[in-house]
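Q: Could you take a close look at the aromatic rings in this protein, and at the surface and helices around them?

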Amino acid sequence: IELAPKEKPVITVITRGIALGEIEFSSGVRAAFKEFAVGLAVGTVTGVLSAVFAYLWFGNAVLGAALFLAMVITMAIAGLMGAAVDPFGVSGVRFE
């Protein structure tokens with residue numbers, strides 16, 4: 001399946017732009033923080049749902065809090081790493 005240009009993943013666009021010199025480093029950093037914010041938002045939503053589900057099923061608020069924190073932290077770091085490590089690592093090596 002080939003993605004339409006508007007549906008290409010952000011990481012692909014950022015990596016290609018930085019590698020070809022079409023995107024400046026500061027723009028890449030801004031895009032990485034946007035991905036971090038999206039990861040934080042997604043982690044918060046899934047964390048709340050997981051926490052509520054765990055509390056209702058097991059009756060354990062501590063388990064719910066642990067799931068919430070795990071989801072928020074994991075998704076935020078995943079968004080940041082996905083948008084920052086790969087594109088900036090590629091630009092440092094000068095390899096597309």
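This is a predicted model: local features need pLDDT of at least 70, side-chain atom pairs count only at pLDDT 80 or more; totals for chains, interfaces and linings use all residues.

A: Happy to. Helices here are DSSP runs of H or I with at least four residues, and strands are runs of E with at least two, numbered from the N terminus. By that rule the protein has 3 helices and 0 strands, and along the sequence the pattern reads α-α-α.

Residues are numbered from 1 along each chain as its sequence is written, and side-chain values use heavy atoms, with hydrogens and water left out.

The predictor's confidence in each residue is pLDDT, which runs from 0 to 100. Its mean for the protein is 78, and 66% of the residues reach 70 or more. Confidence is highest in helix 2, at a mean of 88, and lowest in helix 1 (residues 10–19), at 68.

Now to the rings. A pair of aromatic rings is described by the distance of the centres and the angle of the planes. Rings of Phe, Tyr and Trp (for Trp, the six-membered ring) pair if their centres lie within 6.5 Å; planes under 30 degrees apart count as stacked, over 60 as edge-to-face, and the rest as tilted. The structure holds 2 aromatic pairs. In one of them, the rings of Phe53 and Trp57 have centres 5.2 Å apart and planes at 65°, so this pair is edge-to-face. Phe53 and Trp57 are 4 residues apart in helix 2 (residues 25–58), which means that about one helical turn separates them. Trp57 also pairs with Phe58: their ring centres are 5.0 Å apart and their planes stand at 20°, so that pair is stacked. Together, the ring pairs link Phe53, Trp57 and Phe58 into a cluster.

How covered are these rings? Buried means under 20% relative accessible area, exposed means over 50%, and partly exposed lies in between (1.4 Å probe, protein chains only). Trp57 counts as exposed because its relative accessibility is 57%, and Phe58 is exposed too. For the protein as a whole, 23% of the 96 residues count as buried.

The cluster also takes part in a surface feature. Patches are made of residues with over 30% relative accessible area and no salt bridge, with like charges joined within 9 Å and nonpolar side chains (Val, Leu, Ile, Met, Phe, Trp, Tyr) joined within 5 Å. A salt bridge is a side-chain nitrogen of Lys or Arg within 4 Å of a carboxyl oxygen of Asp or Glu. Accessible areas come from the Shrake-Rupley method with a 1.4 Å probe, and for residues only the protein chains shown count as cover. Phe53, Trp57, Phe58, Leu63 and Leu67 make a nonpolar surface patch of about 540 Å². Helix 2 and helix 3 (61–93) are the elements that give two or more residues to this patch, and the largest share, 3 residues, comes from helix 2. Leu67 lies in helix 3 and counts as partly exposed because its relative accessibility is 32%. The accessible surface of the protein comes to about 6700 Å², of which 71% belongs to carbon and sulfur atoms.

Further along helix 3 is Met71, which is partly exposed, with a relative accessible area of 27%. A contact means heavy atoms within 4.5 Å. Leaving out residues up to four places away in sequence, Met71 touches Gly43, Thr46, Gly47 and Ser50. Met71 and Val45 are 26 residues apart in sequence, with 8.9 Å between their C-alpha atoms. Val42, in helix 2, is partly exposed at 35% relative accessibility. Its C-alpha atom is 7.6 Å from that of Val72, 30 residues away along the chain. Across the protein, 70% of the contacts between residues at least 6 apart in sequence join residues at least 24 apart.
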